[in-house]
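Here is a short note to read beside the model. Please keep the sequence open as you go through the points.

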Amino acid sequence: MRKNSLVFICLLLISAVVTGQTTEKKRYTATKVTSAPSIDGILDDETWKEGTWIDDFTQFEPYNGAKASQRTEFKILFDNDNIYAAFKAYDTSPDSIVHRLTRRDEPDGDLVAVIFDSFHDLRTAFMFGIASSGVKYDQMLTNDGDNEDTSWDPNWWVKTSVNSEGWIAEMKIPFSQVRFEKNSGEIWGLEVVRSLYRKNEMSFWQHIPKDSPGLVHMFGELAGLEQIKPRKIFDVTPYGVVKLESFRAEPGNPFLAKGRKYGINGGIDAKIGVTNNMTMDLTINPDFGQVEADPSEVNLSAYETFFSERRPFFIEGNNITNFNLGIGDGDVGNDNLFYSRRIGRRPQGNPDLEDGMYSDVPNFTTIIGAAKLTGKTKNGLSLGFIEAVTSEEKAEIDNNGERSYETVEPLTNYMVGRVQKDFNEGKTIVGAIFTGTTRNLDENLDDIMHKSAYSGGVDFTQYLKGKDWMININTAFSQVRGTTDVLERTQKSSARYFQRPDKDYAIYDPTRTSLSGAGGRVQVGKLNGHLNLMSVVLWKTPGFEINDIGYLMQADRIMPLLWAGYNQWEPKGIYRSFNVNTDIWSMYNFGGVKIQTGLEANIRMTFKNFWNAWIYGNIQTNANDPSLLRGGPIMITPGRYFTNAGFSTDDRKKLVLIFYGNYSRGFENNQDNLNLGTGLSYKPTNYLRISLNPGISKSFTELQYVTKINIGDNDRYIFASIDRRTINTSLRVNLNLSPDLTLQYWGQPFIASGKYYDYKYITDPVADQFRDRFHIYSGNEIIRAENSAEIDENLDGTVDYSFSTGDFNVQEILSNLVVRWEYSPGSSLYLVWSQTRSGFNPSGQMEYLDNMGDLFNRSLFRNDDDYRLKNVFLVKFSYRFGLN
């Protein structure tokens with residue numbers, strides 16, 4: 001480790017001589033007009049004779065700094081209420097302009113955009129883009145362009161047209177949609193962008209070097225807006241929903257006897273300008289029925305699966321409330337003090353039913369209301385606050401006609417507060433966050449949920465040498481409170497396993513009613529140029545717990561990491577660009593035990609024909625695994641190697657192919673995993689896109705956890721070998737009849753099987769030889785039944801203990817069809833059909849065609865309780881009242 005650190009320091013010193021490029025900033029002066037142009041994409045109004053047309057664009061890619069291959073002109077006008085932008089995108093081959101219709105924020109063709117840094121803080125910007133087909137592409141840029149929030153959907157107007165010289169775009173952007181302070185209009189940051197799709201060429205009005213550490217601080221300037229006044233937004237959007245659910249009727253079950261349910265619902269969404277630069281989003285009784293379902297999975301691990309947020313209210317502006325304690329993607333990268341999927345989650349309680357009793361349990365917790373306040377002042381103070389209240393949910397229980405109710409989720413208040421302050425033109429950033437979860441618990445739930453949970457943190461970022469270098473420190477704390485029963489669950493959870501018999505530095509305490517901990521991350525890195533470097537240390541103390549409103553997979557970890565990456569963006573030889581990355585990391589716990597070390601590297605290349613190829617590999621040493629026995633002692637597990645490779649064809653073509661595969665193997669042949677996937681995208685017309693993504697995986701694991709058995713003073717940790725097979729496919733059809741009228745279908749057939757065998761128990765988890773660490777039950781010791789196993793360890797003819805066996809075959813088809821019509825900016829009509837077909841059998845065998853056939857077998861859905869079919873039909877109508 002010391003040698004690696006020395007090499008890293010030497011690389012930092014060598015690269016410190018590299019200085020960032022500087023570019024002279026351009027300035028454009030907008031012109032005030034007295035009459036508003038008609039937004040029709042023609043530019044024949046008298047108004048457009050005012051002002052100045054400007055061209056002089058420079059390539060950002062592929063040939064950074066070269067002159068743009070096609071001429072582009074733009075003009076900016078304004079009046080008291082709106083800012084107007086016009087573009088003339090000249091093209092010497094107008095019949096080659098690509099204008100495919102897609103959904104908003106998913107452009108697939110030629111594009112122009114104007115980007116305003118209206119705060120002129122050199123870190124935040126608002127982009128208004130339009131494809132030649134008329135599809136909007138708007139987003140908010142934060143953290144100097146490192147974060148892009150495409151969920152930001154302002155209300156603005158735009159039209160396009162194609163002519164013999166190229167194409168034209170005409171925009172009308174209300175000042176209410178762009179945040180700025182009163183008397184701050186002297187200078188805005190400005191960038192204008194054109195994307196020439198067929199050449200994969202992007203050009204900027206204000207040149208930005210490819211090695212620039214950030215974008216927004218490099219923008220040009222927009223002058224002439226001294227007379228403007230901010231306009232506070234005030235949009236109120238009520239909605240109504242009518243829903244029908246159909247499913248198999250169950251005679252005797254009073255809640256499912258009819259086989260259908262009806263529902264009418266309604267609520268209000270609002271966006272209100274509290275001040276000139278602070279906006280409050282409100283939602284009362286929100287409905288997210290149009291949101292796509294999570295993908296199918298079979299999770300045999302001890303850890304919760306991380307699912308991305310899909311609900312619009314929580315997506316927009318989520319970068320503001322983000323407080324990440326990880327790095328990269330995947331398990332470690334997901335750790336965050338705020339995980340919005342906690343709000344409105346599935347109820348965590350379950351009623352205790354006796355024979356003859358039935359229950360009706362809500363699928364999700366109702367969000368009574370939520371408010372979100374976001375904004376940024378001219379002096380660099382960013383604010384983000386979220387307050388949400390979810391209702392008490394009760395399961396309705398029927399006992400031979402007598403009805404009772406049992407609470408399955410308490411009335412809960414969630415709060416997140418985030419502040420950040422920029423200094424020295426954004427080169428110094430100081431921030432803080434606080435989160436709180438409080439619940440009104442009763443005796444049914446106080447043994448499974450915390451009464452209260454709080455977390456907070458501070459962060460500091462310092463950029464050096466013109467933002468070429470960066471130092472970042474994030475630190476956080478947490479505290480949870482509740483009954484001794486729930487704190488027992490917290491201490492014994494998979495995140496920490498305090499009950500481990502060899503864990504002498506964080507000991508399980510059955511009398512505990514609170515638990516506190518801390519976490520953090522320190523990063524030092526070089527950001528500009530071809531060579532980028534990063535040194536990182538992550539830590540999470542054993543008592544760190546944020547899962548009431550955040551996401552944490554594992555506490556009790558210290559992880560140092562060294563990373564280096566080389567980027568080549570100038571096309572040469574066979575490639576247009578490539579990048580190479582490598583890193584080395586180690587993992588420790590707070591007891592000083594080195595858990596594991598890993599080394600990984602990858603290379604990705606884009607060729608001159610716009611094909612891409614990549615290869616990745618990592619190798620991990622033997623591990624002192626504190627989690628494998630799920631509360632038992634540390635067990636030594638063999639290291640492994642992993643590799644991934646793939647390629648993709650030119651994504652601008654009508655037919656696009658992606659193929660990838662990954663393979664991993666344990667050093668003791670204790671695991672073997674193969675995963676193959678492909679993607680096929682076909683765009684037969686400019687308004688239709690069909691995507692098919694099938695995948696297949698095959699895996700073997702010699703140590704799959706089954707259960708723990710207590711035998712007197714001894715514990716038996718039961719494992720088994722398992723063979724798993726998974727075949728899944730994702731089908732998407734996007735039909736875009738206009739930029740505002742779209743039809744989208746998504747379907748996912750999913751079949752997964754698992755077969756357990758060679759049941760065993762752990763004997764010596766740290767034995768020198770891997771297979772001396774466990775004992776496989778002999779044929780005389782184990783008697784297998786259909787769903788269980790009986791064990792006679794001493795062969796005396798008496799069953800010593802038994803456990804359930806878990807062979808499985810899981811079948812599911814998820815379908816979602818959505819018709820969306822935005823008949824006016826901010827006002828929409830949704831028609832939704834969702835269907836779930838699910839089935840299960842304990843065979844443990846994959847028989848794909850038969851399994852798929854079972855999901856369309858009417859007899860099974862009528863007569864087999866393991867097979868379910870559910871349809872949901874929904875109509876949602878919303879209308880925006882805008883007073884701005």
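1. Start with a term. On a 1 Å grid over the protein atoms alone, a pocket is an open set of points with protein on both sides within 12 Å along at least five of seven lines, and lining residues have an atom within 4 Å of a point. This is a predicted model: local features need pLDDT of at least 70, side-chain atom pairs count only at pLDDT 80 or more, and totals for chains, interfaces and linings use all residues. Residues are numbered from 1 along each chain as its sequence is written, and side-chain values use heavy atoms, with hydrogens and water left out.

2. The second largest pocket has 25 lining residues. Nearest its centre lie Gln348, Arg489, Ser493, Glu545 and Asn547. The pocket holds about 710 Å³ of space, a volume being the space filled by probe spheres set on the grid points, which are joined across faces, edges and corners.

3. What is the lining made of? It has nine nonpolar, six polar and 10 charged residues. Here Ala, Val, Leu, Ile, Met, Phe, Trp, Tyr, Cys and Pro count as nonpolar, Asp, Glu, Lys and Arg as charged, and the others, Gly among them, as polar. Helix H4 (residues 484-491) gives the most, four residues. Helices (H or I, at least four residues) and strands (E, at least two) are DSSP runs, numbered from the N terminus.

4. Look next at the loop between H4 and strand S27 (514-526), where Tyr497 sits. Its phi is near 50°, a positive value in a residue other than glycine. Tyr497 counts as buried because its relative accessibility is 4%. Buried means under 20% relative accessible area, exposed over 50%, and partly exposed in between (1.4 Å probe, protein chains only).

5. The loop between strand S31 (594-607) and strand S32 (612-620) holds Trp611. Phe610 is in the loop between S31 and S32 too. Is Phe610 buried or exposed? At 12% relative accessibility, Phe610 is buried. Phe610 also has a positive phi of about 70°, although it is not a glycine. Trp611, at 37%, is partly exposed.

6. Trp156 lies in the loop between strand S9 (147-149) and strand S10 (157-163). With 0% relative accessibility, Trp156 is buried. Its C-alpha atom is 9.8 Å from that of Phe175, 19 residues apart along the chain.

7. Last, check the peptide bond from Glu61 to Pro62: it is cis, with omega near 10°. Pro62 belongs to the loop between strand S3 (58-61) and strand S4 (72-78).

Methods: 1 Å grid on protein atoms, 1.4 Å probe; cavity = no way out; pocket = protein on both sides within 12 Å on 5 of 7 lines; lining within 4 Å.
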